[in-house]
Amino acid sequence: MLTGLNDSEIISRVLNGDQQAYAGLVTRYQDYVFTLTLRMIKSREDAEEVAQDVFIKAYKYLADFRGASKFSTWLYTIVNNTCITLLRKKKLEIHSLDNEKVFEMADSKYSGFSANQVEQKSKLTMVHDAIAMLNPDDAEIITLFYKSEQTLDEIAAILGVEPNAAKVRLHRARIRLKEKMETYFAEEIKDLN
Amino acid sequence: MNTQHNMEERLWNFIDGTASAEEKPVIEKLLESDTAWKEKYNELLEVTRLLQSSRLDAPSMRFTKNVMEEITKLHIAPATKTYINKKIIWSIGIFFIALFVGFLIYGFGQAGSGSGGEDMVAKNLNKIDFSKFFSNTWVNVFMMINVVLGLFLLDNYLGSKRKAYRKEA
């Protein structure tokens, strides 16, 4: 139905009163938005609620989207702001890039994994789980770069930082991801070398 | 450890395509001649491939339906630029700058009337005659500027109202 239309065409339809056309955008981006919120919020129920909230906000302020950036970049900016607001409101810890507590939390979370369980994991599941063990900032930037097809400049715009700072953050996040993989998925990592 | 991190950073940049034009041939040469670099490159390339092919999480089946149900109760808000008039923002800015400059000029005028020096300024603060405040020439000029700005704002407001009325007609 709307699959052949690009984002701009759907947006102009919605702005011209075709409310149902918005479902096309929701379907197109729901997995990306949900993955991003889940990486930051960690609880599936909360993440789904936030993801819905993101699409509702995006609809409400759709007239403000002027096409200066990709729709996805604009949408992920709303994701970032909504998640940060929620984390602050709930007084959950927003982990800084060098917060050691994050790693302690992640360590305790996965310490119950038996060797067999770990061995059974496929490489893809390993990467997925390793990302889930990262702190929200690291998980977000890795997801934006690898899954949401955002350039470093676009990621910088989403996070409200300079492109060079985004590059450094991505590099640090990858180092920590690799550390997680080496610590918890040593068997799978052996195959990578 | 540092050289290892440095190697990784340079290789990540190379893989991401963010390495500089001068850096690229250097890394390509290292990959041809150095087995340690080649091994690390293959490892990072595999991690990149895995990251790119890792799955996305999917929300519940009712997700789109839930969003669509919520938005039926809503209207799209008008674009911010349609109701934020830049002229008004500028006028408010000019007003506050005029206010600040006016007070500054008045303050220096009062302080300058003394014999000078920071201590004297502090002492003179208590001696400021506030009754002069509203009969000073500078204050009068400042008040006039504000009145003009106020009239300018009112004209803008009435002008936008007139335009809207014409459009409706």
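**Ground rules.** I number residues from 1 along each chain as its sequence is written, and chains are lettered from A and ligands numbered from 1 in the order in which they are written. Since the model is predicted, local features need pLDDT of at least 70 and side-chain atom pairs count only at pLDDT 80 or more, while totals for chains, interfaces and linings use all residues; side-chain values use heavy atoms, with hydrogens and water left out.

**Chain A overall.** I started with secondary structure, where helices (H or I, at least four residues) and strands (E, at least two) are DSSP runs numbered from the N terminus. Chain A has 11 helices and zero strands. Next I looked up burial: buried means under 20% relative accessible area, exposed over 50%, and partly exposed in between (1.4 Å probe, protein chains only). Of the 193 residues in chain A, 52% count as buried. For contacts (heavy atoms within 4.5 Å), I took those in chain A with a separation of 6 or more, and residues 24 or more positions apart account for 63% of them. Areas come from Shrake-Rupley with a 1.4 Å probe, and for residues only the protein chains shown count as cover. Chain A exposes about 9,200 Å², with carbon and sulfur atoms supplying 49% of it.

**Salt bridges.** My criterion is a side-chain nitrogen of Lys or Arg within 4 Å of a carboxyl oxygen of Asp or Glu. That gives 17 salt bridges over all chains. I picked out A:Arg176 and A:Asp138, whose side chains meet at 2.7 Å, N to O. This pair links distant parts of the chain, with A:Arg176 in α10 (residues 163-184) and A:Asp138 in α8 (residues 136-146) of chain A, 38 residues apart. Both A:Arg176 and A:Asp138 are buried.

Which residue of chain B does A:Lys178 bridge to? I found B:Glu8, with the closest N and O atoms 3.3 Å apart. The pair crosses from helix α10 of chain A to helix α1 (residues 2-16) of chain B. A:Lys178 is buried because its relative accessible area is 6%, and B:Glu8 is buried with a relative accessible area of 6%. B:Glu8 also meets B:Lys40 in a salt bridge at 3.2 Å, N to O. Here B:Lys40 lies in helix α3 (residues 35-53) of chain B, 32 residues from B:Glu8. B:Lys40 comes to 9% relative accessibility, so B:Lys40 counts as buried. Shared partners join A:Lys178, A:Glu182, B:Glu8, B:Lys40 and B:Glu43 into one network of salt bridges.

Patch members have over 30% relative accessible area and no salt bridge; like charges are joined within 9 Å and nonpolar side chains (Val, Leu, Ile, Met, Phe, Trp, Tyr) within 5 Å. Lys and Arg count as positive and Asp and Glu as negative, leaving out His and the chain ends. I place each charge at NZ of Lys, CZ of Arg, CG of Asp or CD of Glu.

The positive patch gathers B:Lys87, B:Arg162, B:Lys163 and B:Arg166. Helix α8 (residues 137-168) of chain B gives the most, three residues. B:Lys163 sits in that helix and is exposed because its relative accessibility is 62%.

The nonpolar patch covers about 890 Å², and its members include B:Phe100, B:Leu104 and B:Trp138. Its largest share, six residues, comes from α6(B). B:Trp138 is in α8 of chain B, and at 54% relative accessibility B:Trp138 counts as exposed.
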